[in-house]
Amino acid sequence: MEFDNSRSYINKKLDSDSEIKLVNIIQKAKSNWILILTSVLLGVLIAFIYLRYSEPQFRVRTTIFIDDEDNGGLASTLSAFEDLGIPGSNSNKSIVNEIGVLKSYSLMRSVIEGLNLNISYFSQGKIGKYEIYGKDLPIKVNYFIKDSVSFNTDREYKIIHTSETEFLFQTEGDESMTKYSFGNNIKVDFGEINIVPANNHTISPGSIILLKTQKLDDVCNYYMDKVKIEPQQDLSSILVLSLTDPVKEKAKSILNYLVSNYVIEGVNFKIKISENTDNFINDRIMDISEDLNDVDRGVEEFKTKNKLTNIEYESSLVLESNSEVGKRIVELSSQIQVLDYISDYLNNNSDQLIPPNLGVNDDSSNNIIQDYNKLLLERNRILKGSSRMNPTVIALDEQLLKLRQSIRQSLASSKSSLNFSLDQAKNQEYKLNVRRGNAPQQEREFQDIKRKQVIIESLYLYLLEKREENAISLGIPVPNAKVVDKAYGSDKPVSPIPILIYVVSIFLGAVFSISIILFKSLLDNKVHSTEDVELMVEAPILGEIPMTSSKRKLVMNDAQNDGIAEAFRLVRTNINFMLNNSQNEPKVIFLTSTIGSEGKTFTAINLAMSMGLLEKRVLLIEADIRKPKIAKYLKLSRPKGLTHFLVDKDVEPQDIIFKNEETHIDIITSGEIPPNPSELLLNGRFEKIVKYSKENYDFIFIDTAPVSVVTDTLLLGSLADSFIYVIRAEFLDKKLLKIPQLMYKNKRLPNMAILLNSVVKQHGTYSYGYKNEKKSFWNSLFSK
């Protein structure tokens, strides 16, 4: 039960030790400041190299104003022409659709082809390369192939200038280089090229130019992703196009060319609308001209047959009463005829625009026709950059089909309404004719012929008027967009930003080094300081012996005044204080440890020497007869030792005691290593030598075996006045601290105290007249 309580205490201490607190982190950071500083400086160096050789990126912007009548726009300037039916004067552009057009593949392809952007030039430096463009090009390459910008190969060619007139040419993957003169034709994979110096450029011998060709589709997709388009504000008709590229002039050319092609394409769409309308009007004029000629001949034949000269004057008084009704009939008949023409055109031209504003007084039909034309125009524009299987095109075709059905229904409804109104007008005219009484039959027949003539003539004149209006529209096509700002950009790159890179590098350097420290701490399971021991062992701490890089085993003498000597003097003082109750009696002090190599022999020798410096009678007994080290450390060669005394009853204690002048103490070495050390130590002879030692010495230091390895120490523990339990820092696993805790808790080692050996002291800990002993930076970094 007592063992379980001790284990519970140790586990509790281990859990507490596993929590890394802020104070501990700060202390570890302070103790490893060289690592942190080195990591930060390394990060700054990497940032400097990155900034030195990274390619700066420049952002270029251009602003355009989209013609959107709902928000006010260019269409408002043509409001005077609205009654003429000019295409585009009533446009209602969708900003989202216009962004889609600007980002279309076909539009970007026209830019790449127009600027030959699939051909790039780079200047090769000692470490990296950078792109050159436009007026900065020292050479000009001419391609002698058909449509040279559309070849689909990725190639790179190296041009090394040897003089002002000659150069070396090398193809990618070819180890050999060929010399050419400027102006000579060079055969390459896709044809022939010709290289000549650019105007106003001096070619330096040894300069290297890389000529790179790329697949057109890859370049298109690359710049489609890089060009950003967004409204300047919410619900705004102003679009901002931006492009980030290492070559500012190249980015400006791309944006300006893109906007220019977009504007031209919009004008071409409007011209196409006007041309379709003009063709429709001309076709109808030709048909109506024939009808009008037939009616004119009918009038002539009627007057000749009936010998009529001025029938209008003769009938003026009769017709005066029903003139208004006649005008009404003419108007209604004209509108019915227009509806018939539109219906006929709609049935025979499924993919053509329906001419708007042809005189139909039905607002519903006019509105549907306008919507149909806008949707058809949008569908044709999208179809230019895609196929008919595009989901958007299919959806638009379905909407167009529904609108055509709506137009037919609306025209049919309008025609039915007009026929009803015409019947009413004719009925009214009939009543007026009855009231005229005996009007000549010729008058009525001539009136019918004349009315037909007026209807056809008015329709003919109307179409002539519309043809002139359409000609005006064709002569002044209005663009879809207006350029507000041409492409511009700052000379200051947007990336990389030096201050940001340096700040991030410093931060990452510090985080990296601190992470190493924390990771090392998490993996570290060694004892480092008295705090680590106090967390798990309740025994008192006798003192600390600092780590030393010296190979000396004897650190205590009159001349020694360094840090480790002072540490042994401090431990000596603490031993005297701990044993002051028996001040006048001899003291037997056992030294042990958990495992081997913790420095108990080294500690025993120097503690004994420190007591000897006080002119005390001191005896050092080497009771670790399994692995003796005292004779080796002191370079002694004695024929007899402790094992001889334990085995041979004729040997007396004074026979094995060796007086060492160098250490000023008496020593009993272990002697020969026996086959049965435990039995020898328990045969009763060891108690005799301890008794003899207490009678003749003030202090008896006994170096015993580690307690976790053998039981020798525990068997002899009752002979000790005090136990010094040596724990080596940077060596013993923290989990093994449960052994000294159990020894102390169960009182297996009387008057037990802890002595921490080989402690790594930080700078300034020992600073009173002697040099610090500490690990090197790299040892502290990589050791556990």
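Q: Why does Tyr222 count as partly exposed?
A: Tyr222 has 42% relative accessibility. Buried means under 20% relative accessible area, exposed over 50%, and partly exposed in between (1.4 Å probe, protein chains only), so 42% lands in the partly exposed class. A quick note on the source: this is a predicted model, where local features need pLDDT of at least 70, side-chain atom pairs count only at pLDDT 80 or more, and totals for chains, interfaces and linings use all residues. Residues are numbered from 1 along each chain as its sequence is written, and side-chain values use heavy atoms, with hydrogens and water left out.

Q: What makes Tyr223 buried?
A: Its relative accessible area is 4%, and that is under the 20% cut-off, so Tyr223 is buried.

Q: How many aromatic pairs does the structure hold?
A: There are eight aromatic pairs. Rings of Phe, Tyr and Trp (its six-membered ring) pair if their centres lie within 6.5 Å; planes under 30 degrees apart are stacked, over 60 edge-to-face, and the rest tilted.

Q: Why is the pair of Tyr222 and Tyr223 called edge-to-face?
A: The centres of Tyr222 and Tyr223 are 5.0 Å apart, which is within 6.5 Å, and the planes make 80 degrees, which is over 60, so the pair is edge-to-face.

Q: Which helices hold Phe568 and Phe602?
A: Phe568 is in helix α15 (residues 563–578) and Phe602 in helix α16 (residues 600–612), so the pair links distant parts of the chain, 34 residues apart. Helices (H or I, at least four residues) and strands (E, at least two) are DSSP runs, numbered from the N terminus.

Q: Are Phe568 and Phe602 buried or exposed?
A: Phe568 has a relative accessible area of 0%, so it is buried. Phe602, at 13% relative accessibility, counts as buried too, because 13% is under 20%.

Q: Why do β1 and β12 count as paired strands?
A: Two strands pair if DSSP finds at least two bridges between them. Strand β1 (residues 58–66) and strand β12 (residues 238–245) have eight bridges in the antiparallel sense, so they pair. Phe58 stands opposite Asp245 in β12.

Q: Where do β1 and β12 sit in the open sheet?
A: The order of its four strands is β11-β12-β1-β13, with antiparallel pairing. The edge strands are β11 (228–231) and β13 (481–489), and each pairs on one side only.
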